[in-house]
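Hi everyone, and thanks for coming.

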Amino acid sequence: MSGVPAGQIAVPTARRRLPRGPGNLRQGWDRLRRNRTGFLGLCLVTLVVLIAILAPMIAPYAPNDQSAMLHFGAQAPPSAAHWFGTDRSGYDVLTRTLYGAPTALLVGLGAMLIAAVIGVTVGALAGYLGGFADELLMRATEFFLVIPVFIVILAVVRLFGVVVIGTPLEGLPFLKLDAIIVLLGLFGWPPLARLARAEFLRLKQAEFVEAARCIGARRRDIVFRHILPNALPSLVVVTALGIGSAILAEAMISFLGFGDPKTISWGQSLYFNYQVLRVAPWAVLAPGMAIFLTVLGFNLLADGLSDAFNPRLKQ
Amino acid sequence: MDFPSRAGAVRAIDDVAFTVGRQETLGLVGESGSGKTLSSLAVLRLVPPPARIVAGRIVFEGQDLLTLNSAQMAALRGRRIAMVFQNPAYSLNPILSIGAQLTEILAWHEKLPRRAAHDHIAELLRLVGITDAPARLRQFPHELSGGMKQRICIARALLCHPALLLADEPTTNLDVTIQAQILDLLQQLKDRFATSMILVTHDMGVVARMADRISVMYAGTVCETGNAATLLRSPLHPYTRALLESMPRADRSYQTVRSLPVIPGRIPSLADPPAGCRFHPRCPEAEADCRKLRPMPVTLGSGHVVSCLKRGSQGVLA
C-alpha cells in the first residue's frame, strides 16, 4: 500500500489499467461504490456519523432547553422556530433527534466492538484448535444463543441501578447506557463466533495456509497474517448488520422505559411521547424515522459490503 | 529416510523408504492416492491432522527430524527444506502482495535488513525469469498468470537456499508449454543452488526428464527404486512395467483408444489393503505366495531395489 502517490489511487474515471493493479480493499471499495444499495447504505451511515459529530453545532437549541414551553407550549406543531415541532416536555424535536445520533452510534459501535472481540476470539480459537476446545467453546456459544437476551438485559439494567449505589462505579457518566452497551455486547457475540469458527475452519486448510506452514510460518503468522485477514470481509459484514440490530435493541430497551434517563436517545423519545401520538405525531415520527434510517443504513451497507467482498463477483 | 505413517486407523503410508543424495533429484511416482504427497509432507512433519507419523525416522543432514521440537522444525521449513505446491493459484495468500509474501520468509528466517532483503528477492525473481521485479512485488496473486504464480512460488521456496526442495506435482496445473518452462527452470535452479530435489508426480514424462533416481509408489508403499535410466529401460516390478506400458508413446501405433494397455482393477482401499503383496490382485504374475507373503525390498544390481517375490524378495507374513 505504500509508496504510491495519492493522486494515483484516485483515478477511477480513467478506464486505463493502472500500472499497479488495485488491491483487494480498493477493489472492494470500487465495487461498493458501484453497488447501488451498498452505496445508499454508506450514504445513510455517513450522514448519521456526520450528524453525531456535528450535533452540538447544527442543533438549533440546547438539548435540555425547555424554553419553548414559554412561547409555543409543549406539543407545538412544526413551525419556523421549531422545524419538527416540540414534544410533550417542551423540547425541540429536531434538537433531540440530532442529539440522539451520537447515543445510537455509541451503542451500536460499542456493543459490536465488544461482541466482535469476544466473538472472533472464541470462534477463532474454536475453529483453529478444533477438537475438544472447539466442542467446549461452541457449546458455550449455543448457551449464549438460547438465553432470552431482552429479559436478561432488562432485569440486569434494573438491578444494576440499585447494586452500584455506594460503589465507585456510581460516579460513572451514563451508567445505565454503559450497562446496556456492555450487555448487548456480551450477548451479541454468538453469531460472530460461529462465523469466525467457520472461516477459520475453512482457511486453516486452505492451500496457501499450508504453503505458508511449509515455508516456516509460525502459528502467530498463520493466524494473524494469513487466516484472520482473509476471514475479515465476512466478519465485517456481520458486524455491520449487528450494529444496526444493537441500535434497534437499545431503542427497544429505552422504549420499554429501561433506558438511561440521563441520555438523549431515540427510543426514549418514543417512550416519552408515544402517549401523545394522536396529538403530536411529529414528536414520535422524527425519532422513529431516525431509528429506521440508521438501521436501514447499516443493513444496506452490510449488504453492499457482502457483495463487494464476494470474490465470486470479481471480474 | 524411512517413515511409516498412519492416518487415524488407516495406515496411509507404510514402510516407505527413500533417500536423496546431495544435488540429486528423486522422482516419486505413483497414481493418485498412492501416498506420494503424504510422504513428502511427512518430510516436513506436516501431515494433515488427524494423521500423524507413528514410527520411523526422517534423517536430514544427519539429524532425525522426528526428534526436533516444533520451533526447530519451523526454523527448518522454508530455510533448509522448502516446498513447491501443485496448485500455484491456491498456494499464495490472495490478499497479500507478492512482495509481502516473499519478504515475510526472509523476516522469519534470516534477519536481513530491508534493503538487502529487497535486493535478494529481486535477484531471485530475475533468476526465476520474472522481469520488472519492483512492479511485480506490488501486485497481488490474482493479477498474475498461473505460470507466473508458479515462478513466484519457486522463488519463494528458494529464497533461503534450501538444501532440499520438495516439488509436489509442480506442473500438473499448468499447460504444456509453461510446464516445459517450469521444469527447465527447476532444473537450472537446482544446479545453480546445488539443491537436492524430491519431485512428486504421476507424469512419467516429467520424471524421465528430471529425475536421477526414481521411486515408484503403490498403495502407500514403495515397490521399486532405482537409477532413472535403468528403471525406465528395464523395470523390474510388475507394477512399474504395467505403468510404463500404459503410457501412450509416439513410437507405437494404437488402433483405437481401447488398445492402449491399462492396468486392470483399481487401487486398493488403504483401510483394508490386500494381504501379502499389495499389488497382487492386479498383478499378471501373481502366485499363491503373493497373496500371503509381503515382499521385502531386495537390492539387485547397482542400487536397484525392488519389492516383489517374483524378483527374489524375501516374503514375510504380514
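Let's begin where the two chains meet: 19 residues of chain A and 28 residues of chain B take part in the contact. Keep in mind that we are looking at a predicted model. On the side of chain A that touches chain B, α10 (207-214) and α11 (219-255) each supply at least two residues. Which element gives the largest share of that side? That would be α10(A), with five residues. Sorted by class, the chain A side has eight nonpolar, six polar and five charged residues.

Now please turn to chain B and find helix α7, residues 176-193.

Which residues of α7(B) are buried? They are I182(B), L186(B) and K190(B). If you look down the axis of α7(B), these buried residues fall within an arc of 70°, and therefore they line one face of the helix.

What covers the buried residues? For α7(B), the cover includes β2 (25-29), α6 (146-158), β7 (164-168) and β8 (196-201) of chain B. And just past the end of α7(B), have a look at A194(B), which takes a positive phi of about 55°.

Is T172(B) buried, exposed or partly exposed? With 14 other C-beta atoms within 10 Å, T172(B) counts as partly exposed. T172(B) also pairs up in space with T201(B): 29 residues separate them in sequence, while their C-alpha atoms are 8.0 Å apart.

Last stop, the largest nonpolar core, which has 156 residues. The members touching the most other members are I180(A), L184(A), L192(A), I247(A), A155(B), A157(B) and L199(B). Helix α5 of chain A, residues 93-129, gives this core its largest share, 18 residues. Let's zoom in on L192(A): leaving aside residues up to four places away in sequence, its contacts include A115(A), A116(A), G119(A), V120(A), L235(A) and V238(A).

Technical notes
Residues numbered from 1 in each chain as written. Chains lettered and ligands numbered in written order. Predicted model: local features only at pLDDT ≥ 70, side-chain atom pairs only at ≥ 80, totals over all residues. Helix = DSSP H or I, 4+ residues; strand = E, 2+ residues; numbered from the N terminus. Expected span 1.5 Å × (residues − 1). Buried ≥ 20, exposed ≤ 12 C-beta atoms within 10 Å, placed from the backbone. Arc of directions from axis to C-beta. Contact = placed C-beta atoms within 7 Å. Nonpolar A, V, L, I, M, F, W, Y, C, P; charged D, E, K, R; others polar. Core = buried A, V, L, I, M, F, W, Y, C linked by C-beta atoms within 7 Å.
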